[in-house]
Structures are given as C-alpha cells and as structure tokens.
Amino acid sequence: MPARFLRRLISFALTLALTLFGLLAVTFVIARVVPIDPVIALVGDKAPADVYAAARAHLGLDLPLWQQFIIYLRDVLSGNLGSSSTTGNPVLSDIAHTFPATLELATYAIIVGIGLGIPLGVAAAVWQGRWPDHLIRVVSLFGYSVPVFWLGLVALLVFYARLDWVGGPGRLDIAYDYIVEPWSGLLTVDAAAAGEWDVFWNAVSHLVLPVALLAYFSMAYIGRMTRSFMIDELGKEYITTARVKGASEARVIWRHALGNAAVPLITVVALSYAYLLEGAVLTETVFAWPGLGSYITQALFDADMAAVLGGTLVVGASFVALNIFSELVYAWLDPRARMK
Amino acid sequence: MKKLLLAALLGASLAGLGAPAVAATPKDSLVVAKNIDDMISLDPAEVYEFTGGEITTNLYDGLVRYDADDTTKLVGGLAESWSADPAGRSITFKLRKGVTFASGNPVTADDVVWSYARVVTLNKPPAFIFTQLGWKPDTVATMVTKVGEDSVKISYDGDYSPDFVLNCLAARVGMVVDMKTAMAHEKDGDLGNGWLNRNSAGTGPFVLKLWKANESVVMEANPHYRGKAPAMKRVIYRHVPEPSTQRLMLEKGDVDIARDLGPDQIAGLAGNDKIKVETYPQSAVYFLSLNQKSEKLQNPAVWEAMRWLIDYQGMVGSFLKGGFEVHQAFWPKGFAGSLDDTPYKLDVDKAKKILADAGIDHLDVTMDMINSAPFPDIAQSIQSTFAKAGIKVSLMPGTGSQVITRYRAREHELMLLYWGPDYMDANSNAMAFAFNADNSDDHYASSTTWRNAWIDKDLSEKTVAALKEPDREKRLAMYKELQLAVQQHSPIINMFQNTAQVALASDVKGYVQGVTSDLVFYRNVEK
C-alpha cells in the first residue's frame with residue numbers, strides 16, 4: 001500500500017511540476033512576443049530616454065529570451081514572483097490579496113451551482129421531453145446565452161438600486177471596511193472567526209448578487225451535463241433490472257443512476273470550479289470585485305509580465321490541484337478506477 | 001441588538017420583503033468612486049499618473065502652489081514670499097514660520113533642499129521638470145542651497161523666465177517631503193522611495209492611511225495642517241471601474257462623488273434632485289497626427305486637407321457632448337497664453353479642391369487609436385468624413401500600452417491621441433508640439449513632434465526664445481504665435497480639449513477640481 005501511495009504521490013508531483021513549467025514557458029514566450037512594451041507601464045508614456053533605458057535594463061529585457069526565462073524560473077523556485085509594475089507591489093502579496101476574493105466568490109457559487117444544477121438535471125432527465133425538461137432547458141439556455149455583463153448590471157439595478165435587498169458593488173460597505181483583520185482573506189470566514197457578525201452579514205449581502213450570477217452560469221452547465229449523463233444511465237439495462245427487482249423509483253434514480261452518472265460529473269464540476277477560479281473578469285468588473293481575474297486582465301493590458309505570470313501560475317496550480325482532487329474522488333466513487 | 005437587526009434585515013431582504021437598508025456614507029467621510037487602476041506611485045518624486053497625482057496634491061505642499069480657491073493663481077505654499085533675480089538666474093524663498101509636517105517635525109530649509117535633490121537623484125520619470133533647469137545629481141547641491149534657517153535659494157542654468165521656473169516648482173516634483181521621516185524608512189539607498197509609495201510624509205491637509213491597489217485609497221485629515229482643518233475626517237477612493245456601477249452607487253448614496261461617468265450616465269441623472277453634475281474644463285488636448293516617416297503624409301496639402309475633413313462641431317454636438325469642446329491649438333483654453341480661435345470646420349469641398357490641386361485623388365492610410373472611449377467614436381467619425389474626399393482610413397485599435405509602443409517606435413501612419421501638460425507653463429506643450437532638436441531615430445524624445453518625425457527649425461528656435469523671454473506679456477504673445485504656426489502648418493491637427501463631468505451628491509459642497517489632476521482639492525469639502 002505505502003509503495004503504491006508513494007508512486008502515486010510522485011506521479012502527482014511530476015504532473016504538477018511539468019504542467020506548471022509548460023504553462024510558464026508558453027505564457028512567458030507569448031508575453032514577450034506581444035507587441036506591448038512592458039517598460040511603459042513602469043515609467044509611463046513620457047519618460048525620457050535615459051529613465052526608459054534604466055527601467056528596461058532593470059527588468060532584464062536586454063538579455064536573450066532564454067536567459068530571462070531561466071532567471072525568472074530561478075526566482076520563482078526561490079519563492080520570488082517579482083514585482084508588479086501596475087500595482088507596485090510584490091506579485092505574491094497582490095495574489096495573496098486578490099485570490100481569496102475570487103476563491104470566496106467561486107466557492108459559494110459552485111456550491112450553489114451544484115446544489116441546484118444536479119437536482120434540476122436529474123429532474124430534466126426523469127421527465128425527459130415533458131414540461132419540466134423544457135422549462136429547465138429554457139432556464140439553462142438563458143443562463144448560457146445572456147451576456148454576464150448585462151445580467152450583472154440589470155441585477156444591480158433591480159436588487160441593489162431599486163429594491164435595496166442586497167449590498168452593492170465591492171466586498172463590503174465603507175462603514176464595515178477595515179474592521180476585521182484579514183487572515184484567510186475570505187471575508188465571511190474572517191468575520192465569523194472574529195465574531196464580527198455585522199461585518200459577516202454585510203459581506204454576505206455583497207456576495208449574494210455576484211454569487212447568484214456565477215452560480216446561475218455553473219448551474220446551467222452542470223444541469224445540462226447531469227441531464228445528459230442521467231439519460232445515458234437511465235437507458236441502461238441495470239436500471240431495468242433494478243426496477244424489475246422492485247427497487248423504488250427514488251432508489252433507482254438517486255442511488256443507481258445518479259451514483260453512476262456522478263463519476264463523469266465530478267470532472268464537469270471540477271472544470272466549472274476551475275473556470276470560476278480563473279476569475280470571472282466581467283463579473284468582477286461590474287461588481288468592482290478586486291479578484292484575480294481583473295488583476296490578470298489589467299496586468300495583461302499593461303504587459304505587466306510578472307503579474308501575468310504569477311497569476312497564471314496560481315490558476316495553473318488550482319487546475320492541477322482540482323484535477324488531482326477529482327481523480328481521488330473518482331477513485332472513491334468508481335471501484336474500477338480504484339483497482340487500476 | 002444591532003446584529004439581530006441586521007440579520008433580520010438581511011433575512012427580510014432575502015425573503016424578498018425589501019425592507020429599505022440605510023445606505024449613506026458616514027457624515028465625516030467623503031467617498032469617491034473612481035477608476036484608480038492607473039496608480040503606480042504616490043511618491044512626489046515619482047508619481048506621474050492622474051489618480052496618484054491628485055492624491056499627492058492633497059498630501060503635500062510645495063514652496064509655491066496653485067490656489068484651491070482660484071487654481072490659475074500661483075500662491076505661496078510653504079514659502080511666505082520670494083524674490084526673483086532674473087539677471088542672477090536665481091530665486092530666493094523665505095519659508096513660512098511654524099509649519100510642521102504631519103509627523104510633527106518642523107519644516108526647515110534642509111527639508112526643501114533635500115526634497116529637490118532627491119527628485120534629481122532618484123531620476124524617476126517626472127524628474128525632467130527639474131533637470132531641465134540644469135540640476136544634475138552632481139550639481140543640484142550647489143544650485144539649490146540653504147541660505148539661512150528659513151531661506152532657500154535656487155539657481156537655474158539658462159535664461160529662463162522666472163515665471164517658467166516657478167511653474168516648474170509648483171509641479172508635483174516640487175512637493176516638500178519630511179526628510180527625517182522618509183530617511184528613517186530608507187532601504188538600500190532608495191531615499192525612502194519604497195516607503196513613500198505606500199505612506200506620506202508631507203504638510204498637506206491629509207495623510208495617507210492606506211492604498212490597496214485596484215481597490216481603495218484612504219486619506220485622513222492631518223492634525224498638524226497649517227490651514228483650516230478639513231471638515232472631512234476621511235477621504236476614501238473606491239475603485240469602481242465600470243461607469244454604470246458608479247452611477248448606481250451614487251444614486252444609492254453609497255458614494256458621494258462619481259468621477260468617471262460618461263454622457264449616457266450623466267444624461268440619466270437629469271431630474272434626480274439628490275445629485276448635481278458639475279463641469280470642469282480640463283487640460284488634455286486631443287489631436288490627430290501624421291507620421292512624417294510615411295512619404296504619403298509628407299505633402300502639406302494632405303495636412304491642410306485633413307484639417308478641413310474633421311467634423312469638430314458634429315462630434316462635440318453628439319457623442320462627445322459634455323465631455324469635450326472644440327479647441328484647435330496645442331495650449332489648452334483657460335491657461336495663460338492659449339490661442340482660442342477655432343478656424344477649421346468640416347468642409348469637404350474645400351478639402352477635395354486642396355487635394356485635387358496637389359494632384360492627389362486617392363490615399364490609403366492606417367490610424368492607430370486606443371480602443372476605449374472616446375477614441376473609437378472619434379476615429380469612426382474621422383474615417384467617414386475622410387472617405388468623402390477619397391482618403392481611406394483603416395483603423396488599428398489597441399490597448400493604451402499597445403498603441404504607445406508603436407507610437408514610440410514611430411511605426412504608425414495616423415495617430416489619434418491626447419496630451420496633457422506636465423506643468424502649468426506653455427513651455428510644457430510648446431516643447432511637445434513645436435520643438436524638436438534632433439529628428440534622428442536614436443535621439444528618442446517623448447514629444448509629439450519627434451514621435452511624428454516632424455521637425456521645424458524655425459519653430460524650435462522660437463520655442464527656446466519664448467522660454468527665455470522675461471517679459472510676461474511678450475512671452476505669452478510668443479506662445480500664441482507658436483500655436484498659430486502649428487495650427488496652420490504642421491502635421492499635427494489639434495481638435496479638442498476635454499472637460500470633466502463630475503456627479504456629486506447634492507449635499508457635497510466645496511469640492512474643487514482644476515484643469516489638471518494636480519488641482520483636485522478635498523480640504524474645503526463639507527457635506
């Protein structure tokens with residue numbers, strides 16, 4: 001057992017290292033060939049020639065590309081992701097600040113997305129072709145095809161500006177800002193841990209809209225996939241067998257069919273979660289949410305390479321981590337995978 | 001009880017009962033919604049961006065500065081008085097007595113000398129405002145000197161008008177930093193630069209409490225401020241990138257001022273008696289320039305024809321409404337010495353005739369432009385009016401840094417861009433629009449002239465002459481002459497000057513926004 005576990009661990013570590021290396025190499029090359037001069041972000045448009053040259057040398061842009069990459073890798077391995085030219089901060093501290101904002105949003109969104117998406121998908125599959133199926137399809141399709149930007153603004157207009165049910169853009173009202181010392185960076189967690197329930201509820205009221213919006217999109221995706229997996233399963237012989245054996249319909253659907261459909265669903269859920277963690281840029285913009293998505297996008301526009309690479313690294317690492325996690329769950333759900 | 005109430009409120013909200021929450025900004029705090037993603041630095045020796053600039057203005061004072069009550073007037077800041085000696089190329093300042101920094105340290109002549117030398121030594125982007133006075137890292141110690149406990153003498157190298165020198169000193173680089181505090185936080189010989197990017201050490205009405213990049217900036221009232229204590233204990237910037245969101249927050253009362261509203265949002269606020277909209281003329285000039293590296297753009301007939309092919313009034317009357325006015329000279333209206341005539345208008349027939357006389361019947365050009373408002377709209381208008389005279393324009397949109405990258409390399413043909421002065425002296429823009437010392441590729445300059453590979457010896461000499469003219473009236477007349485020459489005969493077509501429309505909660509009083517970002521003042525704000 002330990003030997004197999006060790007082998008698995010080593011293979012995970014290798015996958016992680018290789019994926020991240022590849023990701024960094026590609027991002028690095030793309031970043032260097034885009035026709036944007038990173039020095040401008042650092043010294044501004046009107047800098048005189050000598051200031052410009054000094055900044056360029058400081059960034060190491062005079063060196064050949066491969067040398068720049070090696071220096072970057074060396075720094076990353078020693079835990080130094082460099083400094084962002086757009087914020088002036090070390091990239092690591094920027095990420096420590098922006099990633100939790102995205103993580104909080106994404107985590108609540110995926111929980112709601114799963115909680116609604118799976119039952120809806122199951123319902124659509126069970127009543128395939130009948131009105132619940134059509135209704136659910138329309139709802140999903142809407143979530144799929146409406147621009148998130150527009151939906152976000154409308155939601156703000158209705159629920160924040162007109163009805164006054166929820167908090168507005170940003171993570172907290174001004175009055176509640178800077179009360180809780182950040183620890184995890186997840187405001188709800190930090191506020192609850194500090195016993196600052198006013199802050200907690202305020203954070204929740206700010207989370208409601210963006211979470212609902214993102215949850216809606218992942219619900220649409222998860223629901224649609226659940227439906228198709230369930231239809232597959234429900235048509236198989238073991239389902240007929242189970243019914244013949246007299247298993248209750250609930251047991252057939254929830255235990256037998258969903259139990260099997262759950263295996264491929266894990267990948268779907270992991271993917272949607274990873275997608276949310278990448279940062280929903282448009283949602284973050286509309287809701288003035290200081291998350292990772294807008295951080296990377298802003299950095300990209302200014303060719304702030306240290307920030308782009310650092311952000312990419314985090315996104316890449318979360319992808320790999322989720323992959324590993326879903327593989328573990330996979331193994332736990334599917335005896336065949338366990339055997340291999 | 002409060003917690004319970006909040007929980008109940010939230011419960012009610014979620015249940016859809018819609019109990020109205022009390023959304024208002026604290027009485028002693030001013031909350032400003034603004035896109036602050038341009039911020040890089042808050043050190044006076046380094047800051048060069050709009051948002052960072054207006055914040056430092058509220059944290060520091062210079063020897064001289066523009067008055068919050070009348071922003072065109074240069075008044076004493078930390079200096080009580082000064083006397084200029086044009087023949088001796090020097091100005092001597094007498095410091096105001098009893099002024100202290102936010103730390104409690106008294107302001108001394110040493111702080112002034114150190115602060116100025118610091119700008120030159122650090123040599124960050126805006127340092128040229130000082131180095132053009134002849135101050136170099138090894139000479140500044142002899143050119144900026146303490147001549148008594150409360151006197152500082154500055155000398156400059158060149159026959160500059162003292163007016164020009166004072167305007168340079170009033171720029172952000174001229175802000176005086178608390179030497180003791182800054183040096184206590186020095187790291188690796190950075191003269192406190194790293195620390196000052198996140199903290200302040202000035203004499204202004206506010207001190208910097210916090211700056212979270214792309215999130216918020218918090219300033220608090222400076223208890224040691226030499227003037228009347230600000231009514232606002234706190235000024236808070238919230239980073240809200242999306243204008244529609246800014247409008248919603250203002251309407252909800254979650255912010256007091258929305259800074260980046262477009263014409264659509266402004267129009268939507270009409271009739272809301274809880275919000276007022278104020279218009280402030282700004283100092284950026286928007287122009288179209290023709291790169292002289294491109295042979296087909298070298299013919300002056302093309303320059304002239306294009307001047308008559310832009311629908312200046314049409315644009316200002318429609319999609320640019322409220323945000324821009326027509327201005328066809330390089331020095332903005334509202335500044336001493338500006339040329340305010342607008343002789344050009346859309347006249348397709350005239351342009352066609354000019355082109356026909358020059359034997360040009362067809363022209364294919366590209367136009368580089370930033371892909372965010374207002375540039376796409378302006379570009380499309382130009383594209384359609386140019387087409388009427390047989391000039392086919394292909395648009396090349398890009399992000400700001402993308403466009404600037406090509407511009408610096410002089411790879412563009414037409415460029416649609418803007419320019420803001422670095423200090424409030426006509427020389428700032430004359431250097432950019434009329435002066436070019438050397439047009440060669442390796443003599444890089446950030447001026448509009450060099451970047452469009454245009455050089456006019458005569459205008460360059462006149463720019464230098466204007467800089468030296470001691471008589472104020474004569475000097476301003478020389479700048480008008482320069483503007484006229486560029487307006488009539490150059491590959492640079494100045495079109496517009498911007499105005500800022502700011503929406504404020506109607507109870508906010510005393511907000512001051514001048515023509516540049518150096519002139520945004522919060523100290524008189526009440527609500």
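Reply: Start with one pair in chain B. B:E481 and B:K462 form a salt bridge, and their closest N and O atoms are 3.2 Å apart. B:E481 sits in helix α19 (residues 472-488) of chain B, while B:K462 sits in helix α18 (residues 457-468) of chain B, so the bridge ties together parts that are 19 residues apart in sequence. How open are the two partners? B:E481 is partly exposed, at a relative accessible area of 42%. B:K462 is partly exposed too, at 32%. Keep in mind that this is a predicted model.

Why do such pairs form? Side chains of opposite charge can pair when their charged atoms come close.

B:E220 counts as partly exposed, with 23% relative accessibility.

Chain B also holds a network. Salt bridges link B:E80, B:K94, B:K97 and B:D150.

Move to chain A. A:D133 forms a salt bridge with A:R227, and the closest N and O atoms lie 2.8 Å apart. This pair links distant parts of the chain: A:D133 is in helix α6 (residues 131-145) of chain A, and A:R227 is in helix α9 of chain A, 94 residues away. A:D133 is buried, with a relative accessible area of 2%.

Over all chains, the structure holds 34 salt bridges. How many salt bridges cross the interface of chain A and chain B? The rule finds 0 there. It does find 6 residue pairs in polar contact across that interface, both residues at pLDDT 80 or more.

Which parts of chain A touch chain B? The elements that give two or more residues to that side include α2 (38-43), α3 (49-58) and α7 (148-162) of chain A. Helix α9 (197-234) of chain A is also among them. By class, this side of chain A has 32 nonpolar, 12 polar and 9 charged residues.

Finally, the extent of the contact. It takes 53 residues from chain A and 56 residues from chain B. Together the chains bury about 4,600 Å² between them, with 59% of it on carbon and sulfur atoms. In chain A, the residues that lose the most area to chain B are A:K46, A:W165 and A:I174. Together they make up 16% of what that side buries.

Conventions: Residues are numbered from 1 along each chain as its sequence is written. Chains are lettered from A and ligands numbered from 1 in the order in which they are written. This is a predicted model: local features need pLDDT of at least 70, side-chain atom pairs count only at pLDDT 80 or more; totals for chains, interfaces and linings use all residues. Side-chain values use heavy atoms; hydrogens and water are left out. Contact means heavy atoms within 4.5 Å. Buried area is the accessible area (1.4 Å probe) that two parts lose on being put together, summed over both. A salt bridge is a side-chain nitrogen of Lys or Arg within 4 Å of a carboxyl oxygen of Asp or Glu. A polar contact is a pair of N or O atoms within 3.5 Å; within protein, one must be able to donate a hydrogen and the other to accept it, and residues adjacent in sequence count only if both atoms are side-chain atoms. Helices (H or I, at least four residues) and strands (E, at least two) are DSSP runs, numbered from the N terminus. Ala, Val, Leu, Ile, Met, Phe, Trp, Tyr, Cys and Pro count as nonpolar, Asp, Glu, Lys and Arg as charged, and the others, Gly among them, as polar. Buried means under 20% relative accessible area, exposed over 50%, partly exposed in between (1.4 Å probe, protein chains only).
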